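Subject: A structure to look through

Hello! Here is the structure I promised to pass on to you. Please open it beside this email, and then read on for what was found in it.

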Amino acid sequence: MGTVYSTLFTRPSLNITHFVKLFIVTQTELPNILRELLTVKQPTASLDGDIRSNKYMSKQLRAFDRKVIATVRTKQYANFDVFLMYKIIRNLNLVPPPTRGWDNQNPPTPTEITIGDDVERIRHSWNDIVHSGNTNISDLELENRFSLFIDISSRHELYLNKRNREYVSRIENVKTCCIDPDTGQIYLRQLNDLAEHERKMASSISTVSQNIDELRRQSEMEIPSPYAKVVALQNEQEEIIPKKIKGVCTVRFDKYKIYASSNDLL
């Protein structure tokens, strides 16, 4: 992905203004809405303790996420990205879940308009814009995207008791502003850096997964499963125990049915 966006720097004739506007909204305005939602629903003073007491979050957070969380007392939620805020909102149950549940592969339908649905929409919008690789955005797509952004913003304004169209006005300003070539290049470089960061994170996670798989294989080779132990004992029984008393001992082995799987050692 980084290569795709890098080539845009040498193609100034390509009209990517619409894409840059969408990227600005997904990188600034929508995350700011989530930050204010977090500020209201999750005081920063109790965030670390609430995360530690949540069994899932305390085990699943990335090292990078933990470093960001460590800044919350001094910088509030300023350094939190969309996906970290999504994890917190979801796993600490700060809002009711979306109509069709969290992390659904499909975005909410137009009739699903709870606050949880809009948090899910923000996640999908971020993914669509950053990961699409398509910077040639038509006028129609731009209109549809901004209509969605404005709807999300309006509902959050009502939910958080905001007045004067605070969120909506900022998004409308992005839609109508002029993007000069230099500004466009700045945002595209940010996108390129973001794509490279995610690529490195994905590679790191893949490496860790491979190491875990290798440890699992080694454990399975070095440590016999419960079933293997029973088989070994039965073989020993065949060789050592006289036939006239073997039946008694065999009953004892058969009494315990042990089912082993590849996950028994994890």
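Predicted model: local features only at pLDDT ≥ 70, side-chain atom pairs only at ≥ 80, totals over all residues.

On the α7 side, the contact is made by Val82, Phe83, Tyr86 and Ile89. The α8 side brings Val119, Glu120, Ile122, Arg123, Trp126 and Asn127.

**A buried serine**

While you are at α8, find serine 125, which lies in this helix. Is serine 125 buried or exposed? Buried means under 20% relative accessible area, and serine 125 has 2%, so it counts as buried. Leaving aside its neighbours within four places in sequence, serine 125 is in contact with Thr26, Leu30, Arg145, Leu148 and Phe149.

**The nonpolar core**

In soluble globular proteins, nonpolar side chains tend to be buried together. Here, the largest nonpolar core has 49 residues. Leu34, Leu47, Phe80, Ile88, Ile89 and Phe146 are the ones with the most contacts inside this core. Which helices supply at least two residues each? They are α2, α3 (44–52), α5 (63–69), α7 (82–91), α8 (115–131), α9 and α10 (166–176). The largest share, 11 residues, comes from α2.

Apart from its neighbours within four places in sequence, leucine 47 is in contact with Gln42, Ile69, Val72, Tyr77, Phe80, Ile88 and Leu92.

**Aromatic pairs**

A pair of aromatic rings is described by the distance of the centres and the angle of the planes. The count comes to 5 aromatic pairs. One of them joins phenylalanine 19 and phenylalanine 23, which are stacked, at 6.5 Å centre to centre with 10 degrees between the planes. Both residues lie in helix α2 (residues 17–41), 4 residues apart, about one turn of the helix, and both are buried.

Phenylalanine 146 and phenylalanine 149 form an edge-to-face pair, with 5.6 Å centre to centre and 75 degrees between the planes. These two lie in helix α9 (residues 139–159), 3 residues apart. Phenylalanine 146 and phenylalanine 149 are both buried.

Enjoy exploring!

Note on methods
Residues numbered from 1 in each chain as written. Heavy atoms only, no water. Phe/Tyr/Trp six-rings, centres within 6.5 Å; stacked < 30°, edge-to-face > 60°. Buried < 20%, exposed > 50% of the residue type's maximum accessible area, 1.4 Å probe, protein only. Core = buried A, V, L, I, M, F, W, Y, C linked by side-chain atoms within 4.5 Å. Contact = heavy atoms within 4.5 Å.
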